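Colleague: I would like to learn how to read a few features of a protein model. Could we go through them one by one?

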Amino acid sequence: MATASKVKLSRASVGEFHTPGITDESAAKASEVLQENHENHHIFFNSSGFHNHIAHHMLTIYALGVSPPVIQRQYENNKSYQRPPQPLDKDVLSGLNDFSEFKKHLGQERYYHDFLVFFQDEMEKKGWQAVVNEYVLKGDEQADEMLIRMYAGFLHPIIHLGFGIEFEQPAIVAEALAQAAVHDGWMGKFLIPAEKASASGTPGSKSLASLLDEIRADKKLSAAAHWDDGNKIRDGILARAPEEAIKYTSQYTVGPDQLEEKTAEMINAAIYYTGGAQHPPKQIKFDFYYMHCVNSSIFFSVFLKQGWISQKNKTRLLEWKGRTDLVMYASRRSPKPLLDEIINYKPKEPSDEGGDPWGSIFCRVGKHEDDGHASKLVRALAHGEEVCRPYEDREAFRIKNQMWLQLGHMAIDSVEDTGDTWVRSAGFDQAWEHYEDRPRL
């Protein structure tokens, strides 16, 4: 049985999107390496806050049906550069029950282990769902401090939380809560004002796709981030165009009966601007930052299915995600999504006719040696195809039909291609300078 300190996967819970035929042996191997990671590694592999992606990677390739030896090999590849957590500080741990002490230790990576054990203890007493509701979704000052941090670090904490909930693993949920606690809280300077500004509008009246168009047309906002900004949201958008950012993002709202459609719309919009952010004649590449908006999108389908999350909180989670996606889009100079690049793409290895068109893509990405970003992207794309299918006749859904499979081929081909795996800040010409031009046919 899975507990707050023990990872135990089973075929009874194989995720929101998975391939058929997952074995008990793969579940056992994935559980084994995730347990080792849980016990022995910090959530950051260095003091600069670079994320340990092992849990994301192992759970994704497990869901995509890789064999136990592949799980072990991928784990060994990424285990090599991890570091151990800081020793537990019992004085800090005992003080975290007091909010003033809890708040004092937020945003400091050296307290990851203390927060992890604190949340594990809370889960043992209250249950993991109750702990998430209390410490992330309650709506008081403490929970909002944590919810803000869930959207920090290019969405890594909420990705981690999503995996824990999706696969029903309290230990992974505890890691996610501790991870959020040691992230910075500056996203609150954007998310809270945008939420307050949204109260005056009609819920659900504007689509993300239309807001992307408006953001791209606003030259002040789209040019607010500079190439040399350390963090292009914090030091660019929020420093030079905060009012414009709030003006557009606050217009994204979700009505009480729109959760399913608006979740699909968010998934579609994230994939639209991520897949379309190409720079012909340069190689096909996906933007590193935009890619996280896609990789996190699958978990909002997971959140929708949780009976213990209130309708109000499901709406809030989704609205904050849509607003984060919009400001992320602006922070990379709002490149125009080029749908022709998707529609006319020629795959390196076209799908077999008659079989599962995604099968070879899943096989290739499961074996691809990286930290898990590529497999998360492919799984999110395949999931997006399923979720968006009922709405493809609507203007707000600009990715449709065969574009999904095309994007799957683009993703795996691009990470196997030469040059850096991901382009960083795709709306800047400088980001593409070291990539090759495509061969002329």
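Modeller: Start with accessibility: a residue is called buried under 20% relative accessible area, exposed over 50%, and partly exposed in between. Keep in mind that this is a predicted model.

Colleague: Is Asp184 buried, exposed or partly exposed?

Modeller: Asp184 has a relative accessibility of 43%, so it counts as partly exposed. Its place is in the loop between helix 10 (170-181) and helix 11 (188-197).

Colleague: Which residues does Asp184 touch, leaving out those up to four places away in sequence?

Modeller: With that exclusion, Asp184 is in contact with Gly107, Arg149 and Ala152. As for distance, the C-alpha atoms of Asp184 and Leu96 are 18 Å apart, and 88 residues separate the two along the chain.

Colleague: How do I check the length of a helix, for example helix 23?

Modeller: The expected span is 1.5 Å times one less than the number of residues. Helix 23 (residues 403-416) has 14 residues and should span 20 Å; its end C-alpha atoms lie 20 Å apart, which agrees.

Colleague: Why is helix 23 described as largely enclosed by the rest of the structure?

Modeller: Because 13 of its 14 residues are buried.

Colleague: How many aromatic pairs does the structure hold?

Modeller: There are 27 aromatic pairs. To classify one, look at the angle between the ring planes: over 60 degrees counts as edge-to-face. The rings of Phe288 and Tyr289 have planes at 85 degrees and centres 5.3 Å apart, so this pair is edge-to-face. Both residues are buried: Phe288 has a relative accessible area of 12%, and Tyr289 has 13%. Ring pairs can also join into a cluster, as they do for Phe99, Phe102, Phe115, Phe118, Phe119 and Tyr135.

Colleague: Which charged residue lies over the face of Tyr289?

Modeller: Arg332 does, at 3.9 Å from the ring centre.

Colleague: Where is Arg332, and what is the nearest side chain of opposite charge?

Modeller: Arg332 is in the loop between helix 19 (311-331) and helix 20 (339-343). The nearest side chain of opposite charge is Asp287, 5.0 Å away. A salt bridge needs a side-chain nitrogen within 4 Å of a carboxyl oxygen; Arg332 is buried yet has no salt bridge. Leaving out residues up to four places away in sequence, Arg332 touches several residues, including Lys232, Asp287, Tyr289 and Phe428.

Technical notes. Residues numbered from 1 in each chain as written. Predicted model: local features only at pLDDT ≥ 70, side-chain atom pairs only at ≥ 80, totals over all residues. Heavy atoms only, no water. Helix = DSSP H or I, 4+ residues; strand = E, 2+ residues; numbered from the N terminus. Buried < 20%, exposed > 50% of the residue type's maximum accessible area, 1.4 Å probe, protein only. Contact = heavy atoms within 4.5 Å. Lys, Arg positive; Asp, Glu negative; His and termini not counted. Phe/Tyr/Trp six-rings, centres within 6.5 Å; stacked < 30°, edge-to-face > 60°. Lys NZ or Arg CZ within 6 Å of the ring centre and 35° of its normal.
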